[in-house]
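Trainee: Could you walk me through this one while I have it open on the screen?
Mentor: Gladly, let's bring it up and take it piece by piece.

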Amino acid sequence: MDTEESNQYETFRGKGRKLIQSLGVNTEPSGVFSCTDSYYFLYLTENNMFYMTFCDKSYPRKLAYKFLEELKDEFMIRHGEEVKQKKLRPYAFQKFDAFISSTKKLYKDTQSQRNLNKVAADLRDINKLAQQNIDEILSRGSKIERVSAISDQLLVDSRRWDDKTKTLLWQQWVKSWGFFGFLLVFTLFVILFFYWYK
């Protein structure tokens with residue numbers, strides 16, 4: 001490594017350290033930070049553990065995420081109990097470096113069949129999720145149409161009940177006051193009859 005590459009490496013390493021220091025407990029579970037026009041940092045956090053990689057801008061982010069997820073999953077399998085018990089010591093997991101190196105080799109070639117299969121599987125999952133969301137939206141639409149039809153029927157029924165209520169109120173009034181009304185009309189008729197024929 002020549003001096004310029006060494007200086008560039010130290011610069012990126014320093015930026016990575018600053019990034020780690022700037023992230024706290026309430027940090028998003030994953031994110032991307034541009035380092036320069038040519039490189040970016042990508043990170044994942046889970047169980048108070050921080051996983052970060054440094055990538056060339058041309059490297060697909062989905063593969064970088066897959067790389068970090070694979071490291072995270074394997075690390076939790078091998079050292080999850082130590083993480084849960086908080087028995088962590090700096091550099092206690094150097095044996096894990098062999099897994100990191102072998103996984104890095106697998107992900108180096110973005111066009112390898114393994115990596116293309118992983119991206120295709122992700123795309124299938126995204127497609128399936130999108131299809132489920134569309135189906136839910138369509139079923140909500142049919143439910144809304146059904147609710148609308150029911151509400152229209154309730155409106156018609158309420159008008160019918162309103163008319164029946166008015167009819168029943170009139171009949172109740174006639175039953176209660178009809179006889180007195182008849183007597184009043186009859187009395188007025190008799191009075192008028194005698195008034196005209198007098």
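Trainee: Where is Thr53 placed?
Mentor: Thr53 lies in strand S3, which covers residues 49-56; strands (E, at least two residues) and helices (H or I, at least four) are DSSP runs numbered from the N terminus. Bear in mind that this is a predicted model, in which local features need pLDDT of at least 70, side-chain atom pairs count only at pLDDT 80 or more, and totals for chains, interfaces and linings use all residues. Residues are numbered from 1 along each chain as its sequence is written, and side-chain values use heavy atoms, with hydrogens and water left out.

Trainee: Is Thr53 buried or exposed?
Mentor: Thr53 counts as buried because its relative accessible area is 12%, and buried means under 20%, exposed over 50% and partly exposed in between, using a 1.4 Å probe and protein chains only.

Trainee: Which residues is Thr53 in contact with, leaving aside neighbours within four places in sequence?
Mentor: Thr53 is then in contact with Tyr40, Phe41, Leu42, Ala64, Phe67 and Leu68, where contact means heavy atoms within 4.5 Å. With Leu68, which is 15 residues away along the chain, the C-alpha separation is 7.3 Å.

Trainee: Switching topic, what pattern does the protein chain follow along the sequence?
Mentor: The pattern reads α-β-β-β-α-α-α, made up of four helices and three strands.

Trainee: And how much of the protein chain is buried?
Mentor: Of its 198 residues, 19% are buried. As for contacts with a separation of 6 or more, 37% are between residues 24 or more positions apart.

Trainee: What about the accessible surface of the protein chain?
Mentor: The accessible surface is about 16,000 Å², and carbon and sulfur atoms hold 59% of that, with areas calculated by the Shrake-Rupley method with a 1.4 Å probe and, for residues, only the protein chains shown counting as cover.
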